[in-house]
Amino acid sequence: MSDRRLMRSLRTAFGVRRSPLRRAAGWLDENLGGGSSLLRQELRHIFPDSWAFFLGEIALYCFIVLVVTGIYLALFFHASQAPVVYHGSYKPLVGVPMSDAYSSVLDLSLNVRAGLLVRQVHHWAALVFVAALMIHLLRMFFTGAYRRPRRINWLIGVSLLMLVGVNGLMGYSLPDDLLSGTGLRIAYSITESIPFVGPTLASLMFGGQFPTSGVIARIYPVHIFLLPAAIAGLLGLHLGILWLQRHTEFPGPGRDDRTIVGTPMVPAYALRTTGYLMLVAGVLTAFGGLLQINPVWLYGPYTPWDSTTSAQPDWYMGWLEGAVRLFPGWDLQIGGFLLPAVFWPAVILPGLIFTPLFLWPWLDGMALRDGGFHNVLTLPSERPGRAAIGAGFVAFLTVLLVAGGDDVFASAFGLSLPILLRTLQVLVIVLPPIVALFTYVVVRRRAERWLATGR
Amino acid sequence: MEVEDNAVSEREVGVPGAPPVPGGGSPPGWPAAVGLLATLVGAVGFVVAFVTNAGTAWLGGSLAAALLGLGVALAYWGRDLAGDEVISGPYPAPHDDAPGAAALGDDLEQSAHVITRRRFLSKFLVAGVGVFALSQVVILGALGPRPRRSLFVTAWRRGSRLVTSDGEPVTRDVLAAGGTLVAFPEGHTDAADSQIALFHFIGGELKPQPGRETWSPEGFVAYSRICTHVGCAVAQYMDEAKMLACPCHQSTFDLLHGARPVAGPARRPLPQLPLAIDARGYLVAQRDFTEPVGPGFWDAG
């Protein structure tokens, strides 16, 4: 105590009246144009507290990890399909002709120090990113966080999910290994299936008829610049709107649609969320260091005359893969033209899923006749209908996800693939309504009991 | 109507189990200290692992320990502080309740009126901007050639010799009964759309499709190797069943009956290449495929 008093009297004696912190804050406040109180006010920005609000933060921090690791990878990756013959350190592929891109991924994985760690962290971060976005979206859905005035942020969020998924697919395609090339081949064929414009569109996207020699060079700037810039911009908008509107809160004492209760940003929230950033980065680094993912050297380079069994996309594309596998081969001949069956599961289905997802805040508002202004969340049990629709939707996607690995499941559990396929075809139609109905009944009963007994 | 006070009003509200501590902030305690220790050890460990090139697990493990330690310390500390200080304030008011809500609409309508007052010019502006935006679509044309006939033809010509991927011509003696190999048209071993799977079935096993009786001389039969579902290489030969399967989505084709699909999502058979055997015993194509190879598209009907 006496030290501090001494310091203070020394400062006064030498005319240093304000600590560096005070001076910095004053300078910032003045130059941000907020007069004397903007910074003070914003530093005390209130964040309501719940474990569920951490989900979006996980997604945000995954994006930061992806950018950092991606920059490191970009220093070593060659976005070129120029043919080379491998003479690197991985013996089984020595002498094998391959693309410069694949060869550079082998080098950065096997020869560059920490290269494999960074690549695996990058891949894990992408997988966790999409998972965090999806769970974040489900949290929004089940608690009604998308209602007025947060409908724009719902639209931004769903757009982010789409962009992140697409960019993940792009990243998966870059190494030009056998799996990624097969994925591109399928993407080309799906584009080709679109009526009238399909073949032209596919040619414009890939720069010609598959396989083209320039597609990696074309995907690269999209993957590392175009889509990340779009994602960063939308994330900024998402957070900016969140900042202006304040975060939603769960019902509780002292809380209502006009009053927010929570932790101030400085010091507690800032300290804690920086900690969460480190935790997310730490977990992803542990995954990348200890759990092998996408060992591209085992797959070999892509050639159009090879393909492999148990070929799987990354998990977040599994539902699409599953839909392609489950949908029957209903090719349609229409007056001399052909509508390939794959058009329905691969082009129409994503539209059928994302369109209502985008429109959900309005659909929900109309169904419940509730266009009101909400800052307090609802508990899932308060809206049995909403919970039922959400649960049915999750069941639908889960069956598709399982179907995406049907050959793997069949061989792992010794099942007959055709029987498994038929079972899943039935389940994908039957299970979602059953799950929805079951959820509705259970949630409804709970709500009634709660109303009756208060428990 | 009440005018909302914009300043954040701060007041302490009671939180059960976490009474406010005067002066704010209790000591971080041992978990944070342990976390920070892990950060120090992890950071040093990472440098050592990097310098000694110790491998991915050591690099990742040490870096993860450092990050997780720091994360635990900060998150724990932050939680600790959060328990001390719970504040409340107003949410921004709904638009309709805001004092300037009506004025905003008035202002905008007035601005719009200033522009649309010049009727011709404002319509000209819309037309000009629209035409300009549309005109830029032509740039997309530079991204790739129009497919035109390229999807309907392959590199196979009348008399093209079948060669292996090494360029070795295929004679009737190369392939034993029941065997298979991948072949290309001579001079085009890099033509992905021209790859075929060649089979040799003897003893009348092969049931040529109507109109294709002359396409499989001496039991040699060739099919396009690109799946008609979504284009993977149909690479899995099940020699006992005489089936060819696609590893991607498990479409399965019956080789003895014109490669018709018998399982999986593919609906169209693999196109068959009409074969002949020339005077010197080389396998050659009679002509190109009679239908487009690979996955379906609009004009292929």
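Modeller: Two strands count as paired if DSSP finds at least two bridges between them. This is a predicted model. Its open sheet has 3 strands in the order β1(A)-β4(A)-β1(B), and the pairing is antiparallel.

Take the pairing within chain A. β1(A) and β4(A) run antiparallel and are joined by 2 bridges. Here Ile46(A) stands opposite Pro264(A) of β4(A).

Now cross to the other chain. Strand β4 of chain A, residues 259-264, pairs with strand β1 of chain B, residues 87-90. The sense is again antiparallel, over 4 bridges. One residue to look at is Ile260(A), whose bridge partner in β1(B) is Gly89(B).

Next comes the helix on the sheet. α11(A) lies across β1 and β4 of chain A. Its direction is at about 70° to β4(A).

α11(A) also packs against another helix. Two packed helices are described by the angle between their axes and the distance between the axes. For α6 (residues 115-143) and α11 (residues 265-290) of chain A, the angle is about 125° and the axes are 8 Å apart. The two helices are therefore oblique to each other. α6(A) passes α11(A) in a right-handed crossing. From α6(A), the contact uses Leu117(A), Gln120(A), Val121(A), Trp124(A), Ala125(A) and Val128(A). From α11(A), it uses Leu284(A), Thr285(A), Phe287(A), Gly288(A) and Gly289(A). By class, this contact has 7 nonpolar and 4 polar residues, with no charged residues.

Widen the view to the chain contact. Chain A puts in 84 residues and chain B 69 residues. On the side of chain A that touches chain B, α11(A) gives the most, with 17 residues. That side of chain A has 43 nonpolar, 28 polar and 13 charged residues.

Chain A is divided into domain 1 (1-35) and domain 2 (48-325). Taken over C-alpha atoms, the centres of these two domains of chain A are separated by 45 Å.

Definitions and conventions
Residues are numbered from 1 along each chain as its sequence is written. Chains are lettered from A and ligands numbered from 1 in the order in which they are written. This is a predicted model: local features need pLDDT of at least 70, side-chain atom pairs count only at pLDDT 80 or more; totals for chains, interfaces and linings use all residues. Axes are lines fitted to C-alpha atoms, for helices over the stretch in contact, and angles run from 0 to 180 degrees between N-to-C directions. Angles under 35 degrees count as roughly parallel, over 145 as roughly antiparallel, 65 to 115 as roughly perpendicular and the rest as oblique. A crossing is left-handed if the near helix is turned anticlockwise from the far one by less than a right angle, and right-handed if clockwise. Two residues are in contact if their C-beta atoms, placed from the backbone, lie within 7 Å. Ala, Val, Leu, Ile, Met, Phe, Trp, Tyr, Cys and Pro count as nonpolar, Asp, Glu, Lys and Arg as charged, and the others, Gly among them, as polar. Domain bounds come from an automatic or database domain assignment.
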